[in-house]
Amino acid sequence: MAENFDQAYKLEICKRVVENKESVAVTARELGIHENTIYGWVSRYRQNSSKPFVGSGHAKAAASVFLIPGGRFF
């Protein structure tokens with residue numbers, strides 16, 4: 001089962017790799033996270049460092065789309 005990491009945690013790891021020049025391999029091994037996962041986060045961080053993980057995680061009920069009878073959205 002895949003683990004879910006919050007935005008703050010992802011951001012902290014990206015800063016370690018990008019700003020502190022830490023190795024992805026070493027960071028991944030230290031934290032027990034696959035390197036490709038961190039590379040993906042870093043890629044998103046480099047594209048938009050102010051809000052790299054907008055929309056990540058599970059949608060909250062208020063932000064979800066609901067179907068009403070008849071298959072229409074509201």
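Analyst: Happy to! A contact here means heavy atoms within 4.5 Å. Please keep in mind that this is a predicted model.

Let's take Thr 27, which lies in helix H2, spanning residues 24-31. Setting aside neighbours within four places in sequence, Thr 27 touches Ile 13, Arg 16, Val 17, Glu 22 and Ile 38. Is Thr 27 buried or exposed? Its relative accessibility is 1%, and because buried means under 20%, Thr 27 counts as buried.

Glu 19 has a relative accessible area of 48%, so it is classed as partly exposed. Again leaving out neighbours within four places in sequence, Glu 19 is in contact with Cys 14 and Tyr 45. With Tyr 45 there is also a polar contact, side chain to side chain, at 2.6 Å.

Now for the wider setting. The protein chain contains three helices and two strands, arranged along the sequence as α-α-α-β-β. Of its 74 residues, 23% are buried, and Thr 27 is one of the buried residues. Among contacts between residues at least 6 apart in sequence, 44% link residues at least 24 apart. As for the surface, the protein chain exposes about 5,700 Å², with carbon and sulfur atoms supplying 54% of it.

Technical notes:
Residues are numbered from 1 along each chain as its sequence is written. This is a predicted model: local features need pLDDT of at least 70, side-chain atom pairs count only at pLDDT 80 or more; totals for chains, interfaces and linings use all residues. Side-chain values use heavy atoms; hydrogens and water are left out. Helices (H or I, at least four residues) and strands (E, at least two) are DSSP runs, numbered from the N terminus. Buried means under 20% relative accessible area, exposed over 50%, partly exposed in between (1.4 Å probe, protein chains only). Accessible areas come from the Shrake-Rupley method with a 1.4 Å probe; for residues, only the protein chains shown count as cover. A polar contact is a pair of N or O atoms within 3.5 Å; within protein, one must be able to donate a hydrogen and the other to accept it, and residues adjacent in sequence count only if both atoms are side-chain atoms.
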